[in-house]
Every structure is written in structure tokens, then in C-alpha cells.
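Please look over the sequence and the model shown here.

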Amino acid sequence: MYILMLTYVKPLKEVDKEINHHFEYLEKFYSLQKFIFSGRRNPRIGGTIICNANDIKEVESIIEQDPFFIKKIAEYEIIEFLKMC
């Protein structure tokens with residue numbers, strides 16, 4: 001399992017222009033059962049996603065499809081953790 005921490009590197013005006021495309025991206029990976037949970041950080045500096053992926057290469061492939069990543073609106077930090085239950 002992975003925690004994906006997004007941090008915006010562009011102004012919120014730029015974030016808001018792409019937010020609907022980002023939501024479509026989230027829905028795609030929820031439907032594939034790769035995303036377990038997601039939400040905005042507070043204060044609004046980015047977001048967090050819990051991702052169920054087989055390995056880091058799969059995570060990187062998923063991230064590369066995010067419009068926020070493609071348009072360099074957000075940077076990702078990937079944190080791997082071991083599911084205990």
C-alpha cells in the first residue's frame with residue numbers, strides 16, 4: 001500500500017482549472033480499485049491518496065496519468081507502508 005502526498009506547486013487558480021480532470025483521474029482509479037481513499041489537505045496545499053498497488057512501478061505509472069502531474073501543478077511524495085490488517 002502507498003500514501004501519495006500531493007503538494008501544489010502552482011497557484012490555486014491553476015489547480016482549479018484542472019480540478020475536474022483530476023477528479024476524472026481519481027474516479028478512473030477508484031473504479032479499478034487502485035485508490036482506497038483520497039481528500040484535500042487542510043490548509044489547501046495539496047491532497048492525499050491511499051493507493052493499493054503491486055509495486056512502486058505501478059504507482060509511478062498511475063501518477064503519470066494525473067493531469068496535476070502532467071501539467072506540473074502538483075508534486076508527489078510516495079510513502080510505502082505495510083498493511084497490517
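Helices (H or I, at least four residues) and strands (E, at least two) are DSSP runs, numbered from the N terminus. Glu58, for example, has its place in helix H2, residues 56-63. The model is predicted, so local features need pLDDT of at least 70 and side-chain atom pairs count only at pLDDT 80 or more, while totals for chains, interfaces and linings use all residues. Residues are numbered from 1 along each chain as its sequence is written, and side-chain values use heavy atoms, with hydrogens and water left out.

**The sheet**

- Four strands form an open sheet in the order S2-S3-S1-S4, with antiparallel pairing; two strands pair if DSSP finds at least two bridges between them.
- S2 and S4 are the edge strands, and each of them pairs on one side only.
- On average, neighbouring strands of this sheet are turned by 15° against each other, direction ignored.
- S1 and S4 run antiparallel and are joined by seven bridges.
- Tyr2 stands opposite Glu80 in S4.

**Helices against the sheet**

- H1 lies across S1, S2, S3 and S4, and runs at about 165° to S2. Axes are lines fitted to C-alpha atoms, for helices over the stretch in contact, and angles run from 0 to 180 degrees between N-to-C directions.
- H2 also packs on the sheet: H2 touches S1, S2, S3 and S4, where contact means heavy atoms within 4.5 Å. The direction of H2 makes about 160° with that of S4.

**Helix H2 and Glu58**

- The buried residues of H2 are Glu58, Val59, Ile62 and Ile63. Buried means under 20% relative accessible area, exposed over 50%, and partly exposed in between (1.4 Å probe, protein chains only).
- These residues are on the same side of H2, because they cover an arc of only 135° around the axis. The arc is that of the directions from the helix axis to the C-beta atoms.
- An α-helix has 3.6 residues a turn, so residues three or four places apart point the same way.
- The cover over the buried residues of H2 includes strand S1 (2-8), H1, strand S2 (35-40), strand S3 (46-51), helix H3 (67-70) and strand S4 (74-80).
- Not counting residues up to four places away in sequence, Glu58 touches Lys34 and Ala53.
- Glu58 and Tyr8 are 50 residues apart along the chain, and their C-alpha atoms are separated by 22 Å.

**Glu18 in helix H1**

- Glu18 is found in H1, which spans residues 12-31.
- Glu18 counts as buried because its relative accessibility is 11%.
- Leaving aside neighbours within four places in sequence, Glu18 is in contact with Pro67, Phe68, Lys71 and Ile73.

**Aromatic rings**

- The structure holds six aromatic pairs. Rings of Phe, Tyr and Trp (its six-membered ring) pair if their centres lie within 6.5 Å; planes under 30 degrees apart count as stacked, over 60 as edge-to-face and the rest as tilted.
- The pair of Tyr8 and Phe68 is edge-to-face, because the ring centres are 5.9 Å apart and the planes are at 85°.
- This pair links distant parts of the chain, as Tyr8 is in strand S1 and Phe68 is in helix H3, 60 residues apart.
- Tyr8 is buried, with a relative accessible area of 14%, and Phe68 is buried as well, with 1%.
- Tyr25 and Phe29 form an edge-to-face pair, 5.4 Å centre to centre with 65° between the planes.
- Tyr25 and Phe29 are separated by about one helical turn, because they are four residues apart in H1.
- Tyr25, Phe29, Tyr30 and Phe35 form one aromatic cluster.
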